[in-house]
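User: Please take me through the pocket and the aromatic pairs of this model, stating the cut-offs as you go.

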Amino acid sequence: MRPRLVCPGCPVDIAAHLQRETLMIKGIKFIGVPVRDQDRALEFYTKKLGLAIVTDQPFNDKQRWIELRIPGADTGLVLFTPDGHEDRIGTFQSISFWTNNVQKTYDELISRGVEFIAPPKAADWGTAAIFKDPDGNQFVLGTK
């Protein structure tokens, strides 16, 4: 019988806790953004938003698997439209990017040609603005 390791002051079996901990969700690997033209989207997300290419390889006869990473972040972004999801292209995406200074980031992105719906707006919960990619997908840029 293996010895039971407990947390001082609580009856927690540390080995069992560590095993459960390794099985739990640790984060989001990537989120998908449906796009019409992968080359145009790739140029936008790398040149205008500053994301880095992690993978760009054939997926099937119609599309490539293009996975991008925000420098310094764990979560990736995939420029890919699953079959049957073409109607999602050009809609509001439930994706919010964050920055330390929305106004400065807004100013920089405007200078790079990124289209915003409106300038940043302050609210009780923080500051945010909504921008569009070349396919019309809309995203929030806000404070953390």
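Analyst: Helices (H or I, at least four residues) and strands (E, at least two) are DSSP runs, numbered from the N terminus. This is a predicted model, in which local features need pLDDT of at least 70, side-chain atom pairs count only at pLDDT 80 or more, and totals for chains, interfaces and linings use all residues. Residues are numbered from 1 along each chain as its sequence is written, and side-chain values use heavy atoms, with hydrogens and water left out.

User: Which element gives the most to the lining of the largest pocket?

Analyst: A pocket is an open set of points on a 1 Å grid over the protein atoms alone, where a 1.4 Å probe fits, with protein on both sides within 12 Å along at least five of seven lines, and lining residues have an atom within 4 Å of a point. At least two lining residues come from each of β4 (76-79), β5 (92-98) and α3 (102-111). With five residues, the element that gives the most is β5.

User: How are the rings of Y45 and F139 arranged?

Analyst: Rings of Phe, Tyr and Trp (its six-membered ring) pair if their centres lie within 6.5 Å, and planes under 30 degrees apart count as stacked, over 60 as edge-to-face and the rest as tilted. Y45 belongs to helix α2 (residues 38-48) and F139 to strand β9 (residues 138-142), 94 residues apart. Because their centres are 6.4 Å apart and their planes stand at 85°, the pair is edge-to-face.

User: Is F139 buried or exposed?

Analyst: Buried means under 20% relative accessible area, exposed over 50%, and partly exposed in between (1.4 Å probe, protein chains only). Since the relative accessibility of F139 is 0%, this residue counts as buried.
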